[in-house]
2 protein chains.
Amino acid sequence: MSAEISAEQLDEIYAFAIQLGKDAGKMLMDAAAVRISSAPGQGHQAFEDKDNAVDIVTKTDTDVEAFIHSSISKKYPHHKVNTKLIAIWNVSRFIGEETYSAGSSKDYLITPDHPTWCVDPLDGTVNYTHLFPMFCVSIAFIVSGNPVIGVIYAPFLNQLFTSCKGKGAWLNETQSLPLVKAVPIPANAPKGCVFSCEWGKDRRDPGSEKGKGGNLGRKVESFVNMAVEIGGRGGKGGMVHGVRSLGSATLDLAYTAMGAFDIWWEGGCWEWDVAAGIALLQEAGGLVTTANPPSDPVTAEIITDVRLGSRLYLAIRPAGPSASETGRQGQERLVREVWKRVRDLDYTRPGA
Amino acid sequence: MSAEISAEQLDEIYAFAIQLGKDAGKMLMDAAAVRISSAPGQGHQAFEDKDNAVDIVTKTDTDVEAFIHSSISKKYPHHKVNTKLIAIWNVSRFIGEETYSAGSSKDYLITPDHPTWCVDPLDGTVNYTHLFPMFCVSIAFIVSGNPVIGVIYAPFLNQLFTSCKGKGAWLNETQSLPLVKAVPIPANAPKGCVFSCEWGKDRRDPGSEKGKGGNLGRKVESFVNMAVEIGGRGGKGGMVHGVRSLGSATLDLAYTAMGAFDIWWEGGCWEWDVAAGIALLQEAGGLVTTANPPSDPVTAEIITDVRLGSRLYLAIRPAGPSASETGRQGQERLVREVWKRVRDLDYTRPGA
C-alpha cells in the first residue's frame with residue numbers, strides 16, 4: 001500500500017465509497033421513478049446526442065457525478081477534488097466520464113503519484129435510458145496507479161459489488177466472489193465458457209470503404225469465431241457455451257468476477273468504465289490483460305496485467321487448479337485460446 | 001374467457017400460479033446455494049449433454065418440474081396432470097421442457113379444448129449452470145389456446161413478473177408494465193431501439209457446406225443489419241441503440257413487456273420458452289408476430305398475432321400514440337422495419 005494511505009485510512013475510504021455508491025444508486029432510481037410516475041406519453045428523459053444516437057448523456061448522469069464529486073471533496077479535501085465540473089479531470093485527480101468528455105484532451109490521466117478517484121456515475125447509459133436494469137454506479141479508488149477499492153452498485157437489480165485490496169470481493173457485502181470457489185478452466189475451453197462481449201458504438205458498415213477495418217467488422221468476426229462449432233472457421237470455431245451482451249462494461253467485469261462469465265473481451269473502454277470492475281475482478285482472483293493478440297509470440301509467452309487506460313481488455317474469471325495445471329495456468333491457457341480467435345481492435349487514445 | 005373457467009376460478013388459479021412460481025424460484029436458489037457453499041473445486045453441478053454442450057439439463061431442472069407438476073396435480077386434479085413425468089406431455093395437458101424433450105414426438109401439443117399449464121421450470125439453463133442471474137421459472141396457464149396467466153420469477157434478481165388477462169401486467173406485484181407509460185415508437189425506428197436477440201444452439205459454420213443456410217449465418221447477418229449505421233448494408237443498416245443478448249427467451253419477453261427492450265426477434269423457441277412471456281407482453285400492450293418476413297406483400301399488410309407453437313417470434317414493446325399514428329400503428333411500422341432487415345430463420349417442428 002502507498003505510504004500516503006494507512007490501513008486505517010483505507011478502511012475508512014472503503015466504507016465511505018460503499019455508502020457513496022449506495023446513495024448515488026438511490027439517485028439513479030429516484031430519477032427513474034420520476035419517469036415511471038409521469039403522465040402517459042410524458043415519460044421521456046431529456047437527452048442529447050454525443051457522438052451519435054448510441055451515446056446518450058442524461059441529466060441524471062451529470063447530477064450524480066456532481067453529487068459524488070462534492071461528497072468526495074467534502075470528505076477528503078486533501079484528495080484535491082475540484083468543484084468545477086468541466087475542469088475536474090484537468091485540475092484534480094478525479095476522473096469522471098461526463099467531465100472528461102467535455103474536456104479538450106483525452107490524455108491518460110491516472111498518474112501514480114496521486115491517490116485518485118475514478119468514477120462512472122452511470123455505466124450503461126443506454127440501458128438506463130430504456131430502464132433495462134443493467135446499469136450501475138462505478139467508483140474506484142486508485143493508489144500508486146492501481147485500483148485498490150471497487151464499488152459497483154446496480155440499484156434496479158439490488159446488486160452491490162464491493163472490493164478492497166486484501167479484504168476480498170463481495171456481492172451485497174455477504175457473499176464472497178467468485179460465488180463458486182476454485183472452479184478450474186474447462187479442459188477444452190473456450191468450449192463450455194460463457195463469452196461476454198458488446199457491439200459498441202462504432203457502427204460503420206464493414207462492407208463500406210469507411211468501415212473496412214472498422215471495429216464492428218473486427219468484432220463480429222471475433223464473436224462468430226468464438227461461437228461456431230469446433231472445427232469450423234478454419235479451426236477457429238470455439239463453440240462457447242453462450243454469448244452474452246449486457247450493454248455495461250462495468251457489469252460485464254462484475255459478472256466475470258462473480259464467475260458467471262468466463263471471458264470478457266472488449267475495446268474502447270475508458271478508465272471509468274473499468275477501474276472499479278478491475279479492482280473487483282483482481283481481488284476475486286481474475287486476470288485482466290489486453291484484448292489484442294500480441295503479434296510477437298515471445299511477448300505472448302508472458303501474459304501481463306493490463307495497463308489501466310489501454311482501452312483494450314480481456315478478462316478471465318477467477319479459477320481453481322485442475323489435476324494438470326494451476327488456476328493461473330488455466331487462465332493463461334484461456335487467454336491464448338481467445339487470442340487465437342479474435343482480431344485486433346483499433347482503439348487508440350485521441351492524441352495518443 | 002372459456003366457459004370452463006369462471007372469473008373467480010381464474011383469480012384463484014392466478015394466486016396459486018404466483019405462489020408456485022415463488023416456491024419454484026426458491027428451489028432454484030436453494031440448489032444454487034449448495035453449489036456456492038461446496039468445498040473449493042467441488043462446486044460443479046452434475047449435468048448431461050443433450051444436443052450438444054450448449055444444451056444442458058440439470059437435475060434441478062427436473063426436480064423443479066416434478067415439484068410444479070405435483071403441486072398442480074394436487075390442487076387441480078381436474079386439469080388432468082399426470083404424475084408420470086416422461087408421459088406427461090402425452091397423457092395430460094401439461095407441457096414441460098424436460099418431459100417433452102424426453103418424449104418421442106414433438107407435435108404441437110396445446111389444443112384449445114383443454115385448460116393447459118405450460119411450464120419451464122428453469123429458463124436460461126446455461127445461465128443457471130454458470131450462476132449468471134438471468135434465469136427464471138416460467139409458468140403459463142392457457143385457456144382456449146390463449147395464454148391468459150403468465151408468471152415469470154427470476155429469483156437471483158428478485159424480479160417477479162405476473163399477468164392475468166384483464167388484470168394488467170406487473171413487476172414485483174406493485175409496478176405496472178410497461179414501466180413508462182405510452183411511449184411512442186421512435187419516428188426513425190429501429191434507430192433509437194434496443195434490439196434483443198440470442199445466438200442460440202445452432203452453431204454450424206455458415207462458411208461450411210453443412211452450415212450454409214444454417215441459422216447462425218442467418219442470425220448474424222440479421223444482427224449486423226440491425227446494428228450498422230443508417231445507409232450501410234445496402235440501405236438495411238438499422239443503427240439500433242443497443243444489441244442485447246441475455247440467454248433467456250422468457251426474460252427477453254419480460255423486458256420487452258417492461259418496455260426496456262423495444263424489439264425481440266428469435267427462432268427455435270418451444271411453447272414453454274414463450275407462453276408466460278407472451279401472456280405478460282400481450283397484457284402489457286405489446287405485439288407478438290412471426291420472426292420471418294412474409295414473402296407475400298399482401299399477407300404482410302395485416303400483421304397477425306403469432307400462433308403459440310410456431311417457433312418463430314418477433315415481439316414489439318407496448319407503445320403509445322404519437323402525433324401521427326396510434327400505438328398499434330407504430331408497433332406495426334416497427335415490425336415492417338425489422339422484417340426489411342432480417343433473414344428467414346429455418347426452424348420447423350420435428351415431424352411437422
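This is a predicted model: local features need pLDDT of at least 70, side-chain atom pairs count only at pLDDT 80 or more; totals for chains, interfaces and linings use all residues.
**View 1. Salt bridge between Asp30(A) and Lys26(A) within helix 1 of chain A**. The closest N and O atoms of Asp30(A) and Lys26(A) lie 2.8 Å apart. Both residues belong to helix 1 (residues 7-36) of chain A; because they are 4 residues apart there, about one helical turn separates them. Asp30(A) is partly exposed, with a relative accessibility of 39%.

**View 2. Salt bridge between Lys210(A) and Glu229(B)**. The N to O distance between the two side chains is 3.3 Å. Lys210(A) is located in the loop between strand 10 (194-196) and helix 6 (215-227) of chain A, while Glu229(B) is located in the loop between helix 6 (215-227) and strand 11 (242-244) of chain B, so this pair joins two chains. Lys210(A) is exposed, at 54% relative accessibility.

**View 3. Salt bridge between Asp262(A) and Arg317(A)**. The side chains meet at an N to O distance of 2.6 Å. This pair connects distant parts of the chain, its members being 55 residues apart. Asp262(A) occupies the loop between helix 7 (249-258) and strand 12 (263-267) of chain A, and Arg317(A) the loop between strand 14 (312-316) and helix 10 (327-341) of chain A. Asp262(A) is buried, at 2% relative accessibility, and Arg317(A) is buried as well, with a relative accessible area of 4%.

**View 4. Salt-bridge network of Glu337(A), Lys340(A) and Arg341(A)**. These residues are joined into one network by salt bridges that share partners.

Definitions and conventions:
Residues are numbered from 1 along each chain as its sequence is written. Chains are lettered from A and ligands numbered from 1 in the order in which they are written. Side-chain values use heavy atoms; hydrogens and water are left out. A salt bridge is a side-chain nitrogen of Lys or Arg within 4 Å of a carboxyl oxygen of Asp or Glu. Buried means under 20% relative accessible area, exposed over 50%, partly exposed in between (1.4 Å probe, protein chains only).
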